[in-house]
Amino acid sequence: MRLLVVAVGQRVPDWAQAAWDDYAKRFPPELRLELKAVKTEPRASKTLPTLLAAERERIEAAIPRGARIVALDERGTALTTMALAAKLKDWQLENDTVALAIGGPDGLDPAFRQAAHERIRLSDLTLPHAMVRVLLAEQLYRAWSINAGHPYHRE
(Lines give C-alpha, C1' and ligand atoms only; values in the text may rest on other atoms or scores of the structure.)
Protein backbone atom coordinates (compact mmCIF):
# COMPACT_ATOMS: atom_id res chain seq x y z
CA MET A 1 0.00 0.00 0.00
CA ARG A 2 1.06 3.54 -0.68
CA LEU A 3 0.39 6.57 1.52
CA LEU A 4 0.87 9.56 -0.76
CA VAL A 5 1.01 12.96 0.91
CA VAL A 6 0.31 15.68 -1.64
CA ALA A 7 1.32 19.02 -0.17
CA VAL A 8 1.15 22.50 -1.63
CA GLY A 9 4.53 24.16 -1.21
CA GLN A 10 7.87 22.99 -2.49
CA ARG A 11 10.23 24.56 0.04
CA VAL A 12 10.47 23.47 3.64
CA PRO A 13 13.20 24.10 6.23
CA ASP A 14 16.00 21.54 6.41
CA TRP A 15 14.81 20.30 9.81
CA ALA A 16 11.37 19.48 8.39
CA GLN A 17 12.82 17.63 5.41
CA ALA A 18 15.16 15.67 7.68
CA ALA A 19 12.27 14.73 9.99
CA TRP A 20 10.07 13.71 7.04
CA ASP A 21 12.87 11.58 5.58
CA ASP A 22 13.47 9.92 8.95
CA TYR A 23 9.84 8.87 9.35
CA ALA A 24 9.40 7.86 5.71
CA LYS A 25 12.33 5.42 5.87
CA ARG A 26 10.86 3.72 8.97
CA PHE A 27 7.84 2.36 7.11
CA PRO A 28 7.95 -1.27 6.00
CA PRO A 29 8.15 -2.07 2.26
CA GLU A 30 4.48 -3.10 2.17
CA LEU A 31 3.41 0.36 3.41
CA ARG A 32 5.26 3.14 1.65
CA LEU A 33 5.05 6.80 2.67
CA GLU A 34 5.71 9.19 -0.19
CA LEU A 35 5.58 12.96 -0.59
CA LYS A 36 4.58 14.87 -3.71
CA ALA A 37 5.08 18.61 -3.25
CA VAL A 38 3.21 20.80 -5.72
CA LYS A 39 3.81 24.44 -6.55
CA THR A 40 2.08 27.17 -4.58
CA GLU A 41 0.19 29.54 -6.85
CA PRO A 42 1.75 33.03 -6.76
CA ARG A 43 -0.44 35.30 -4.63
CA ALA A 44 0.08 38.56 -6.56
CA SER A 45 -3.13 40.15 -7.87
CA LYS A 46 -5.25 36.99 -8.05
CA THR A 47 -8.54 36.27 -6.37
CA LEU A 48 -8.67 33.60 -3.69
CA PRO A 49 -10.97 31.32 -5.75
CA THR A 50 -8.53 31.56 -8.69
CA LEU A 51 -5.55 30.70 -6.45
CA LEU A 52 -7.29 27.76 -4.84
CA ALA A 53 -8.51 26.42 -8.19
CA ALA A 54 -4.98 26.49 -9.61
CA GLU A 55 -3.61 24.63 -6.58
CA ARG A 56 -6.51 22.17 -6.74
CA GLU A 57 -5.57 21.30 -10.33
CA ARG A 58 -1.97 20.62 -9.27
CA ILE A 59 -3.09 18.46 -6.35
CA GLU A 60 -5.50 16.48 -8.53
CA ALA A 61 -2.80 15.95 -11.17
CA ALA A 62 -0.52 14.45 -8.50
CA ILE A 63 -3.11 11.95 -7.26
CA PRO A 64 -3.32 8.65 -9.13
CA ARG A 65 -6.68 7.58 -10.50
CA GLY A 66 -8.59 5.39 -8.09
CA ALA A 67 -6.82 6.63 -4.97
CA ARG A 68 -8.77 7.28 -1.80
CA ILE A 69 -8.55 11.02 -1.15
CA VAL A 70 -8.26 12.36 2.37
CA ALA A 71 -8.25 16.15 2.76
CA LEU A 72 -6.51 17.61 5.78
CA ASP A 73 -8.81 20.38 6.86
CA GLU A 74 -9.41 22.37 10.03
CA ARG A 75 -13.12 21.52 9.72
CA GLY A 76 -12.43 17.80 9.32
CA THR A 77 -13.02 15.01 11.78
CA ALA A 78 -10.70 15.01 14.79
CA LEU A 79 -9.07 11.64 15.35
CA THR A 80 -7.29 10.11 18.28
CA THR A 81 -4.12 8.19 17.53
CA MET A 82 -5.98 4.92 18.11
CA ALA A 83 -8.75 6.01 15.71
CA LEU A 84 -6.14 6.84 13.09
CA ALA A 85 -4.62 3.39 13.57
CA ALA A 86 -8.03 1.81 12.96
CA LYS A 87 -8.55 4.00 9.91
CA LEU A 88 -5.12 3.01 8.55
CA LYS A 89 -6.02 -0.65 8.97
CA ASP A 90 -9.23 -0.09 7.00
CA TRP A 91 -7.36 1.83 4.30
CA GLN A 92 -4.88 -1.03 3.96
CA LEU A 93 -7.70 -3.50 3.41
CA GLU A 94 -9.57 -1.37 0.87
CA ASN A 95 -7.07 0.70 -1.09
CA ASP A 96 -3.83 0.49 -2.99
CA THR A 97 -3.17 4.22 -2.61
CA VAL A 98 -4.44 6.75 -0.09
CA ALA A 99 -3.68 10.36 -1.00
CA LEU A 100 -3.62 12.80 1.91
CA ALA A 101 -3.84 16.39 0.69
CA ILE A 102 -2.37 19.36 2.53
CA GLY A 103 -3.40 22.75 1.18
CA GLY A 104 -1.35 25.88 0.73
CA PRO A 105 -1.38 29.14 2.69
CA ASP A 106 -5.11 29.54 2.11
CA GLY A 107 -6.06 25.91 2.60
CA LEU A 108 -7.75 23.64 0.08
CA ASP A 109 -10.26 24.56 -2.59
CA PRO A 110 -13.79 24.09 -1.15
CA ALA A 111 -14.86 21.89 -4.07
CA PHE A 112 -11.82 19.64 -3.55
CA ARG A 113 -12.53 19.38 0.19
CA GLN A 114 -16.14 18.48 -0.51
CA ALA A 115 -15.25 15.88 -3.14
CA ALA A 116 -12.66 14.14 -0.93
CA HIS A 117 -13.65 10.75 0.46
CA GLU A 118 -12.73 11.94 3.95
CA ARG A 119 -11.74 15.10 5.77
CA ILE A 120 -9.58 14.87 8.86
CA ARG A 121 -8.08 17.42 11.24
CA LEU A 122 -4.67 16.95 12.83
CA SER A 123 -5.03 19.62 15.47
CA ASP A 124 -7.16 22.47 16.71
CA LEU A 125 -4.01 24.58 16.54
CA THR A 126 -2.86 26.44 13.45
CA LEU A 127 0.40 24.78 12.41
CA PRO A 128 3.11 25.77 9.94
CA HIS A 129 2.85 23.71 6.75
CA ALA A 130 6.27 22.14 7.27
CA MET A 131 5.18 21.03 10.75
CA VAL A 132 1.99 19.51 9.35
CA ARG A 133 4.01 17.26 7.05
CA VAL A 134 6.17 16.06 9.92
CA LEU A 135 3.25 15.62 12.31
CA LEU A 136 1.30 13.66 9.70
CA ALA A 137 4.28 11.40 8.93
CA GLU A 138 4.84 10.75 12.63
CA GLN A 139 1.18 9.98 13.31
CA LEU A 140 0.93 7.65 10.32
CA TYR A 141 4.05 5.85 11.51
CA ARG A 142 2.62 5.65 15.02
CA ALA A 143 -0.65 4.27 13.62
CA TRP A 144 1.28 1.62 11.70
CA SER A 145 3.31 0.74 14.81
CA ILE A 146 0.12 0.24 16.84
CA ASN A 147 -1.35 -2.07 14.22
CA ALA A 148 1.92 -3.98 13.88
CA GLY A 149 2.40 -4.43 17.63
CA HIS A 150 5.65 -2.47 17.29
CA PRO A 151 6.93 -0.93 20.56
CA TYR A 152 7.14 2.65 19.16
CA HIS A 153 3.73 3.54 20.64
CA ARG A 154 3.43 3.30 24.39
CA GLU A 155 0.22 4.20 26.18
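Predicted model: local features only at pLDDT ≥ 70, side-chain atom pairs only at ≥ 80, totals over all residues.
Local features required pLDDT of at least 70 and side-chain atom pairs counted only at pLDDT 80 or more, whereas totals for chains, interfaces and linings use all residues. Side-chain values use heavy atoms, with hydrogens and water left out, and residues are numbered from 1 along each chain as its sequence is written.

A search of the whole structure found 17 salt bridges. A salt bridge is a side-chain nitrogen of Lys or Arg within 4 Å of a carboxyl oxygen of Asp or Glu. One of them joins Glu 41 and Lys 46, at 2.4 Å from N to O. Accessibility was assigned by relative accessible area (buried under 20%, exposed over 50%, partly exposed in between; 1.4 Å probe, protein chains only). Glu 41 counts as buried because its relative accessibility is 10%. Lys 46 has 36%, so Lys 46 counts as partly exposed.

Asp 109 pairs with Arg 56 in a salt bridge, and their closest N and O atoms are 3.0 Å apart. Asp 109 sits in the loop between strand E4 (97-102) and helix H4 (110-115), while Arg 56 belongs to helix H2 (residues 48-62), so the pair ties together parts that are 53 residues apart in sequence. Helices (H or I, at least four residues) and strands (E, at least two) are DSSP runs, numbered from the N terminus. Asp 109 is buried, because its relative accessibility is 9%.

A salt bridge also links Asp 124 to Arg 121, with the closest N and O atoms 2.9 Å apart. Asp 124 is exposed at 68% relative accessibility. Arg 121 is partly exposed at 23%. Elsewhere, salt bridges that share partners join Asp 73, Glu 74, Arg 75 and Arg 113 into one network.
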